[in-house]
Amino acid sequence: ARDMYDTLYVEYGDPMSTLLRTHTSPVQIRVMEEEEPPIYSIMPGRVFRSDTADATHMPVFHQIEALVVDRDITFGDLAGTIEVFTSAYFGKDFESRLRPSYFPFTEPSAEFDIRHPGGKWLELGGCGMVHPEVLKAGGLDPEEWQGFAFGFGLDRLALMRHEIDDLRELFRNDYRFLAQF
Amino acid sequence: MKVLLSWLKEFAPIDGEPDLIGEQLSELGLAVENMVRTGEHLEGVVVAKILDLRPHPDADRIQIVEVDSGDGQPLQICCGAFNMSPGDFVPLATIGTIMPNGMEISRRKLRGEWSNGMLCSGAEIDLGDDHDGILILGSESEQGTPLADSLGIESDVLYDLEVNPNRPDAMAVAGVARDLAAYQKIPFKIPVPKVSEKGKDVSEILKAEIISPDLCGRFAVRVIDGISIQDSPQWLKNRITALGMRPVNNVVDVSNYVMLELGQPSHTFDLGCVTGSEFKVRWAADGEEIVTLDGVARSLTEQDGVVADGSDLPIGIAGVMGGVSTEISESTSTVALEMAWWNPAVIAKTSRWLGLRSEASARFERGTDPEIIDMAMQRFCELLGPEAFLSPGIIDTKGHLPAGDKIKVRVSRVNGILGTDLDQKDILQILDPIGFKGESVDHDIDVKVPSFRPDTSSEIDVIEEIARIYGYERIVKTVPKSKTFGSLTLKQSDCRLIRTTMVGLGLDEAMPIPFLAPGELENAGLESDGIKVANPLVAEESIMRSSLRPGLLKTLTYNESHRLTGLRLFELGHVYRQPDKFQALPDEREQLVSILAGSEAGEIVKIWSALADALGFDDYELITDSPPGFHATRTSRIEVQGVTVGFLGEIDPSVLSLFEVNERVACLEVDIDDLLSIPHGHRSYAPFSRYPSSDIDLAFEVDEGVSSNEVKKCLQEQAGPLLVDIRLFDIFRGEPVAEGRRSLAFKLRLQADDRTLTNVEVAKVHRECIESVEKKFSAKLRS
């Protein structure tokens with residue numbers, strides 16, 4: 001999001017030249033530039049947005065991305081990996097599904113939801129096959145290498161799992177909150 | 001994008017329960033954000049005729065309304081709106097009605113006057129967004145009629161879909177229907193409009209020319225006659241209202257209807273007002289002015305497009321808004337209908353900088369379908385009713401249109417990316433219903449991209465369409481067959497160990513935000529050179545932290561204000577600093593800070609010892625030193641293998657008072673990057689002696705200025721390899737020790753690896769230790 005609206009810039013170097021990252025996706029490019037495939041990596045990190053703090057938004061929060069680049073990685077592998085993660089993190093009862101969506105750096109793109117049997121589908125994050133142009137930008141030949149990426153918000157996951165109703169609580173450090181976890 | 005199920009059904013025999021159809025739309029990538037069943041919620045709402053209005057005796061903002069709800073008897077209603085007049089027909093929610101928001105209407109008193117129902121605004125009954133006044137119904141209404149019948153609202157379903165930027169075709173009801181038809185494997189067809197053509201050929205009526213082909217790819221104009229400007233039929237008003245547009249008059253409403261249905265915006269001109277009956281499509285001149293339909297005079301740039309008339313004066317901003325001089329009015333009899341394909345990037349830019357975004361500009365920005373124009377024009381005329389007719393012919397000028405792509409799609413690539421096992425025939429059958437016509441060529445397929453999918457330009461885009469229509473959920477879930485295994489870096493493992501150790505020591509991990517208010521770094525005793533945020537949301541969050549200390553001190557401030565004291569916290573996080581010499585990005589380092597509220601320095605030393613032990617740092621020294629912000633005397637510098645990695649001790653009391661903390665605070669601050677870059681962790685077994693040891697106790701009286709560390713070092717040097725342990729176990733002041741001096745008592749343990757030490761050997765060490773300390777420090781051995 002290079003939109004002025006969303007991004008926090010710092011006063012460093014030329015004006016508007018240095019910003020606080022708005023998502024962890026740029027790490028994917030760095031990994032592709034610096035590492036030789038096969039790549040199986042996870043990138044958790046802090047991200048920043050010009051968002052007024054409320055129960056579901058904070059100017060600083062956390063995301064995690066996965067990037068896999070190898071020969072013969074398929075969309076089926078993406079769906080399966082997300083399913084394995086969902087079961088491992090939430091429990092064997094949980095299932096996941098992929099729905100078509102759009103992101104500039106993946107194609108096909110999808111959003112993934114999870115659900116407990118009998119419950120509603122809850123949107124968790126975005127994913128897709130790494131776009132051939134992105135592989136090229138990372139110095140890789142898309143005819144030789146293919147891969148997938150997925151990402152989701154960590155704070156939201158923590159809120160969901162522990163039934164915390166206000167995102168700001170994670171950053172307030174009230175002793176009565178800290179002592180519970 | 002909102003769509004009505006009944007409208008979708010005009011293009012394909014769509015089947016199924018509304019919920020199921022909603023699921024199917026989500027599976028197609030058109031996520032259903034909201035689904036409303038219309039018509040059903042109007043049960044209990046009837047048409048009422050206003051008989052009389054009078055002020056409420058006891059309230060200024062309510063008036064008393066008498067209505068006839070169908071039985072001829074006056075019914076008293078209290079109402080907070082004042083836009084009605086006697087004789088008007090309005091919606092009345094009768095007693096017992098459940099409103100769309102769940103509220104039940106009951107008989108109640110408002111400030112002492114009875115109200116036997118509720119008069120409704122459009123928004124309250126889900127008929128549009130207007131909530132400013134009571135909805136005034138048409139004059140042909142009849143009191144007592146159920147509102148749904150009166151408005152011709154049938155039971156229907158309204159879906160609010162999330163349409164992604166890569167689906168310009170889905171900004172039209174027909175486009176959504178096409179997708180659903182593909183999913184349900186039913187035929188899709190846009191009905192051919194039935195229109196009549198009469199009179200002179202359009203080429204004898206007007207002219208059009210594209211002067212700037214980069215601006216406009218197609219500019220088409222037709223003439224419609226036989227129109228009188230009036231209200232649209234109710235069914236048409238209902239439909240566009242449901243989709244979020246406000247009815248105006250038949251010409252404007254039909255323009256919006258066609259845009260919503262087929263995705264093609266249009267503009268209508270009163271041809272009588274177009275000088276020379278001529279249209280010129282060109283870039284604006286710098287500073288060229290036009291008064292738009294909203295009455296605002298605007299000044300344009302060379303990057304905006306205009307439609308100009310025969311005297312080359314602008315009569316419309318291309319793709320964004322028409323001019324007021326050629327606006328359709330009551331007196332308009334001949335309408336020039338323009339439909340065009342505008343360069344998406346131009347419309348995006350113009351609409352943004354002018355602040356004029358509309359449903360039309362949104363569609364032009366994404367790229368409309370240039371080939372729908374002919375049919376859309378006919379549909380326009382058809383919707384105006386049987387009296388309207390088209391002049392034969394179309395003035396059709398072309399500029400630069402994007403080339404219709406033919407894309408080669410390799411079957412092997414499709415299966416290789418998706419993990420499927422499709423053959424050519426499968427793929428052709430998948431793509432055909434959504435307009436992608438293909439033909440097999442060797443092992444591949446040549447696909448012609450339909451004109452309504454300008455987003456599709458490469459093989460991978462087509463592969464996404466194949467996956468989408470095949471069904472994401474049908475693709476078998478597998479896992480990569482990699483032989484690699486996951487691991488953490490050394491630093492990541494160490495950081496996890498740090499967190500686990502600190503938590504194990506009974507500390508809580510805190511996570512304050514990394515932004516500080518101006519002055520907070522200085523209050524903590526730190527330099528005021530924090531990196532500034534250029535566009536902070538609030539001033540209190542405008543400085544990036546150069547140390548974790550202020551954030552944690554603020555945490556104590558917050559908790560103390562809630563009477564929570566004695567907190568024992570740590571944070572492992574990033575700090576940001578100006579680098580010494582300019583580099584691409586600021587210095588970003590990881591720091592560990594722990595604070596113990598209500599504790600003394602000794603406590604934090606224990607924390608550090610345990611942490612150092614856990615990480616495998618056995619060789620460190622604590623040297624008296626005090627950086628700004630720390631207590632002047634109760635602080636030490638931590639040196640590991642000679643490298644300074646941080647400080648521990650107590651926070652300077654003046655800092656504590658600036659943070660309004662009323663306890664002592666012990667603090668540890670370590671630069672993690674510095675610490676972890678020192679070799680650590682690996683331990684080799686160091687054998688210890690099986691032979692008995694001998695202990696010597698030595699107490700020395702020394703001057704106050706002599707540090708115990710120095711004496712200890714001297715003893716260590718002197719005693720040599722036989723010394724396996726040395727401890728300072730007592731410090732004594734007072735009689736009989738002289739003033740200005742103190743007694744330091746050490747226990748030395750001597751031991752050899754290979755033998756039991758003899759008394760002689762022990763006595764030698766004993767003597768030599770005493771001699772060297774007495775000599776070096778003018779010390780006196782105490783007996």
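How many of the 181 residues of chain A count as buried? The share is 55%, where buried means under 20% relative accessible area, exposed over 50% and partly exposed in between, with a 1.4 Å probe and protein chains only. This is a predicted model, in which local features need pLDDT of at least 70 and side-chain atom pairs count only at pLDDT 80 or more, while totals for chains, interfaces and linings use all residues. Residues are numbered from 1 along each chain as its sequence is written, chains are lettered from A and ligands numbered from 1 in the order in which they are written, and side-chain values use heavy atoms, with hydrogens and water left out.

Chain A has 6 helices and 8 strands. These elements are DSSP runs numbered from the N terminus: helices are H or I with at least four residues, and strands are E with at least two. Read from the N terminus, the order in chain A is β-β-α-β-β-α-β-β-β-α-β-α-α-α. Along the principal axes, the C-alpha atoms of chain A fill a box of roughly 55 × 55 × 25 Å. A contact means heavy atoms within 4.5 Å. Of the contacts in chain A between residues at least 6 apart in sequence, 51% join residues at least 24 apart.

Next comes the contact between the chains. Chain B contributes 64 residues to it and chain A 59 residues. The size of an interface is often given as the accessible area lost when the parts come together. Here the area buried between chain B and chain A is about 5000 Å², and carbon and sulfur atoms give 60% of it; this area is what the two parts lose on being put together, summed over both, with a 1.4 Å probe. There are 3 salt bridges between chain B and chain A, a salt bridge being a side-chain nitrogen of Lys or Arg within 4 Å of a carboxyl oxygen of Asp or Glu. B:Lys477 and A:Glu83 meet in a salt bridge, at 3.5 Å from N to O.

Aromatic rings also take part. Over all chains the structure holds 21 aromatic pairs. Rings of Phe, Tyr and Trp (its six-membered ring) pair if their centres lie within 6.5 Å; planes under 30 degrees apart count as stacked, over 60 as edge-to-face and the rest as tilted. A:Phe48 and B:Phe515 form an edge-to-face pair, 5.9 Å centre to centre with 70° between the planes. This pair joins two chains, because A:Phe48 lies in strand β3 (residues 39–48) of chain A and B:Phe515 in strand β27 (residues 515–516) of chain B. Both A:Phe48 and B:Phe515 are buried. Within chain A, A:Phe90 and A:Phe94 make a tilted pair, with 5.4 Å between centres and 35° between planes. A:Phe90 counts as buried at 18% relative accessibility, and A:Phe94 counts as buried at 18%. Ring pairs link A:Phe90 and A:Phe94 into a cluster with A:Phe85, A:Tyr89, A:Phe112, A:Phe148, A:Phe150 and A:Phe152.

Some rings have a charge over them, meaning that NZ of Lys or CZ of Arg is within 6 Å of the ring centre and within 35 degrees of the ring normal. A:Arg71 lies over the face of A:Trp145, 4.2 Å from the ring centre. In chain B, B:Arg178 lies over the face of B:Phe452, at 3.6 Å from the ring centre.

The strands of chain B come next; two strands pair if DSSP finds at least two bridges between them. An open sheet of 5 strands in chain B has the order β11-β14-β17-β18-β19, with mixed pairing. Its edge strands are β11 (207–210) and β19 (321–322), each of which pairs on one side only. Strands β14 (residues 278–283) and β17 (residues 305–308) of chain B run antiparallel and are joined by 4 bridges. B:Lys280 has B:Ala308 as its bridge partner in β17(B). Strand β18 (residues 314–317) of chain B holds B:Ile317, which is buried at 3% relative accessibility. Leaving out residues up to four places away in sequence, B:Ile317 touches residues including B:Ile290, B:Leu300 and B:Leu354.

Strand β29 (residues 568–577) of chain B is largely enclosed by the rest of the structure, because 7 of its 10 residues are buried. β29(B) pairs with strand β26 (residues 508–509) of chain B in the parallel sense over 2 bridges. With strand β30 (residues 587–597) of chain B, β29(B) runs antiparallel over 10 bridges, and B:Val575 stands opposite B:Arg589 in β30(B).
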